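Hi,

Here is the structure I said I would pass on. Have a look at it first, then read my notes below.

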Amino acid sequence: MDKLKFSKMHGNGNDFVLINALKMGPQVLSRIKRRIKLLSDRRFGVGADQVLLVLPSKKADYGMKIFNADGSDVEMCGNGIRCFFKYLHEKRITVKKKITVSTKAGIVTPRFKGKLIEVDMGEPILSCRQIPINWDGELINRPLSLQSIKFFITCVSMGNPHCIIFVDNTNLFPVSTYGPLLEKHHLFPQKTNVEFVELVNKKHIRMRVWERGVGETPACGSGACAAAVAAHLNKKTTRKVKVELNGGILKVDWNKKDNHVFMTGPAEYVYDGEIKI
């Protein structure tokens with residue numbers, strides 16, 4: 001195969017390359033996986049934070065494989081799942097208004113909510129060993145010293161690991177300095193995403209994110225969910241919050257009845273293309 005068809009999409013500025021791999025054989029899939037870095041490169045390839053593959057699934061309507069820009073495969077991507085769902089409709093692969101998607105983190109359920117897409121992200125995980133973190137119990141507002149600075153961290157998994165830190169001003173905080181240090185801290189055996197969160201009021205938070213294997217991105221859906229959970233655990237917000245990111249707004253509802261986290265936001269189609277691989 002010389003040329004690969006793809007679609008470019010974004011969710012709040014978090015951008016993706018999507019590939020229909022429903023009928024691709026193992027040799028073609030292996031070739032794509034070896035070229036994830038090329039596809040993600042913003043100078044020599046298409047350019048993306050993640051590459052998403054649409055795959056068949058025996059457990060759900062479809063399967064989604066997620067690759068970071070550095071080539072690593074990851075469990076979950078909240079903005080990605082919305083784009084994945086929108087892609088399936090744009091390509092007429094499905095006409096269902098609600099589907100199930102099998103991911104490395106489990107089954108996720110996106111559905112249309114007006115012009116936006118709501119995703120049932122499941123229950124947050126707080127147990128350190130399950131996140132995973134090299135610690136027993138839970139980490140909620142616990143001190144962590146780094147370069148003579150004491151941070152207070154709260155750790156949550158939304159199918160992938162997140163470390164949330166509350167700061168006074170997200171615009172002024174040196175995310176590019178502390179993001180990579182925290183991402184690769186020995187406390188996190190599989191690295192971690194890092195969210196720097198500013199409280200606006202009890203129903204509104206601002207967030208910047210350093211994504212594991214990518215760097216700072218304009219938005220992170222699973223990170224917004226983790227930040228909302230952490231904010232409520234620290235008694236800073238209600239269960240329903242508006243999460244303001246550099247790339248736009250997400251609404252997050254940590255439902256009290258079933259403990260599931262629901263995320264609502266946009267998914268935008270950018271263009272279709274072909275690239276030699």
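The largest pocket is lined by Lys-113, Leu-116, Glu-118, Lys-240, Val-241, Lys-251, Val-252, Asp-253, Phe-262 and Thr-264. A pocket here is an open set of points on a 1 Å grid over the protein atoms alone, with protein on both sides within 12 Å along at least five of seven lines, and lining residues have an atom within 4 Å of a point. This one holds about 200 Å³ of space, a volume being the space filled by probe spheres set on the points, which are joined across faces, edges and corners. Strands 8 (116-120), 15 (240-245), 16 (248-254) and 17 (261-265) each give at least two lining residues, and strand 16 has the largest share with three. Strands are DSSP E runs of at least two residues and helices H or I runs of at least four, numbered from the N terminus. By class, the pocket lining has four nonpolar, one polar and five charged residues (Ala, Val, Leu, Ile, Met, Phe, Trp, Tyr, Cys and Pro are nonpolar, Asp, Glu, Lys and Arg charged, the others, Gly among them, polar).

Before you go further: this is a predicted model, where local features need pLDDT of at least 70 and side-chain atom pairs pLDDT 80 or more, while totals for chains, interfaces and linings use all residues. Residues are numbered from 1 along each chain as its sequence is written, and side-chain values use heavy atoms, without hydrogens and water.

There is also one cavity of 30 Å³ or more, a cavity being a set of grid points where a 1.4 Å probe fits but cannot get out.

Most residues other than glycine have a negative phi, and most peptide bonds are trans. Ile-131 and Pro-132 are joined by a cis peptide bond, with omega about 5°; Pro-132 sits in the loop between strand 8 and strand 9 (142-146). Asn-12 has a positive phi, near 55°, in the loop between strand 1 (3-11) and strand 2 (14-20). Asn-259 has a positive phi too, near 70°, and belongs to the loop between strand 16 and strand 17. Buried or partly exposed? Asn-12 is buried at 4% relative accessibility, whereas Asn-259 is partly exposed at 25% (buried is under 20% relative accessible area, exposed over 50%, partly exposed in between, with a 1.4 Å probe and protein chains only).

Overall, I count five helices and 18 strands.

Cheers
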